[in-house]
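Work through the exercises below with the sequence and the model open. Each task is followed by its solution.

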Amino acid sequence: MSTAKAKRPTSVAFLARKSLAVSAGLLFAAVAVLVGGHYWSEKARADAAKSVARRAAANENLKSTEQTIAKLDANFTEFQRLSASRFIGVPDRLALLDAIEKSSQDWPSGLLRWEIQAQRVVKTIADETGGEPLAEARVIPMKLSATNIQENEWVSFLEQLRYQGVGYFRVDACEMRKTSFNFIRAAVPAVNASCNISWVFIVPLEAGEAKK
Amino acid sequence: MAHIGILLGYDTVFAYRLTRARAEFLKSAPIAQLDLEDWLKALTGKGVRATIVTDFLDEAYARSPLPPVWSPVARRELIERRLGQQYRGALYKAAIVPPGKGLKPPALASLFSLGQAELVATWVNAIENQGAHLDGIWTFASLAAQAYKSFTHKPSKKGASEKIEDSTPTVLHVIETPSGLRQVLLIDGAPVFSRLALRQGEVIYDLQSACAEAQRTAQYLSSQEWLALKGQALATYVWLAKPDEQTSIPHLTGALNVVSLLAQPDAYSAVLAQWAKLPAALQLLPAEKRLLWRAKTLGREAILASAALLFGASVWLGATAIETRGIQQLAADQLVEAVAKEKKARLDLLRASGDARKAALAEASVAVWKKSIAEQPDQIETLDLLARALTQVPELKIDQIRWRSSDAWAAVPAEQPNAPAPTDLRCAQPSGSSQEPAAAAANPNQDPSTGVPPRVLATLQFTGDVNASLSAKEAAQVQEKFSQVMAGERRRLVVSQPAFETDPNKPYVGILGETGTRRIEQCLEVLDK
């Protein structure tokens, strides 16, 4: 019995336990290196992917900003053009009459009748973000009529008036009625024409200025 | 850790430095006059590994046919029992078992016992006294068998023409060593028998003398039933220190067929280089030391494998670190670039919209101009169209034209931004017509995607006469032609009073043969889409 107890273990694994322990340690270290390296690598890749995504988003943002700036620039350019062509600000009544006169200068005197009405506000333009009034869109209604003229003369008159550079107008209503007048001994076909037009313009409001 | 190979020859001992694939000669000395301790002191020491290889004359082999035992455990027990019975009291013994053919179990074992056990034990004790680790005891025959396998399974460095194809199960490997001529019988690669023919004086073997010696061995093997050639020549591989290169191979002599002749000036070195590949079964260490040897071998191999894995992992980690640093650098660069772009975008936007009120005013003004002026229906273009139509249809005379534009300032409901602004501008429908909604629904200009009818931007209403002398049919044709000319995209012609009513749903009266005035009343709607 005591001999059996004193007998040393004869297993190969037991005899090689120290080396196997060292081997296990090395193996553990190798696995730790592999796992750690893999984790580190994957984390770096994930970070890189995030950076790429952020750069792409920044690119998009920059592109969008550039588009916004381009739109703003275009708006400013157009606004300056409109300012120069009398869309901004109240048109001068004398200038309007002068334009009518120039457009109908080939007609006999007294043929064209005009009637300018008081300006009126048609729309208040507010800032979309703050809601603060920025400007007012206003119109000056004008009635124009002439008798015994050719219809092409009337059309030509309206077209010339459009390019006089005193402002912009809309043609709200027109009527041409067939008529005739005696010229020497013949009855000449003609029309009696009348149009209602509106001179459209923008009047900027000062900051804090409300519509009275 | 240094590894020394000590080869005990017949009368001389040789020392080699061993690596896994090479054996480098260190020194030699005659055994008889050797001071063992002094000789070993210079070679070994604490921690040094030492392997003993014997090239003795005294080796005993016993042929032991095996019954068909399929269980490896039972077969091993049987062989161990036979080995113990055969060499009772022998210290260094082993059983050599050629592998079975196919699925059959091995049919033969060679029971081996090493002579000069006292001499080997002396060397073992001396090595252990030096503090070195005894790493195994092998016979030269075992190493020769491994060398045969290695040399016959790979082409020689001298050229592919010297490649030896091994297809013979039983071969005789004859090797000239400093002790003499070692002849090893290999059955399926296992060294089942070996014999050393002692060198007589300073004799140098040539192929003829080597074959003559091998013939005697073959005769002995045949008489002891090791060989059953049945008329076939025994394939023989010969390594000589200085062979006659004029000899043509294969060389048939008696019962031998020399299929290969190699020059091997230091056969011990060539054979010792095979130590790492030897199977454990050929180890001659006593049982207890063999267990220790197996434990050390296992531990060493485990550490080596783990260290190799760790090394590989470290190399991979290094490569990954380089790659990862590259990725991190790229990520950092891209992050810096992204931050710079974000900053630039913010600054650009701030700079551009420095006066937000002015920007909003500009935007709103442009929008108002577009809506009220730029996009207003072109009255002159519409009048031109009417003029062209009247030119093409001279039978029609217009006496009144009315133009009306829609209200550009009508508010669009916020909840329906795409809906048209409310307007009552529309051509008057023909009297008695009850199909206005249906007409609107059937309008070809209606947007199918939204279902919202197009908005009427302006109307051009005109009245006139058709030549009264025209017949009803001609009047209908005039009406149709005029309608065709006036029709087009973004326009709709509404006929309130036609030159001739062709609609079967409406009544129409007249006096046959009588011509009167034919009034027309029509209206053109200018649409926004």
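At 34% relative accessibility, E301(B) is partly exposed, a class that runs between buried (under 20% relative accessible area) and exposed (over 50%), with a 1.4 Å probe and protein chains only. The model is predicted, so local features need pLDDT of at least 70 and side-chain atom pairs pLDDT 80 or more, while totals for chains, interfaces and linings use all residues. Residues are numbered from 1 along each chain as written, chains are lettered from A and ligands numbered from 1 in written order, and side-chain values use heavy atoms, without hydrogens and water.

**Exercise 1.** Find the salt-bridge partner of E301(B) and state which parts of chain B the pair ties together.

Step 1. A salt bridge needs a side-chain nitrogen of Lys or Arg within 4 Å of a carboxyl oxygen of Asp or Glu.
Step 2. R20(B) is the partner of E301(B), with the closest N and O atoms 3.8 Å apart.
Step 3. E301(B) lies in helix 7 (residues 287-352) and R20(B) in the loop between strand 2 (12-18) and strand 3 (23-30), so the pair ties together parts 281 residues apart in sequence. Helices (H or I, at least four residues) and strands (E, at least two) are DSSP runs numbered from the N terminus.
Step 4. R20(B) is partly exposed, at 49%.

**Exercise 2.** Is D55(B) buried or exposed?

Step 1. D55(B) forms a salt bridge with R182(B), the closest N and O atoms being 2.6 Å apart.
Step 2. Both D55(B) and R182(B) are buried.
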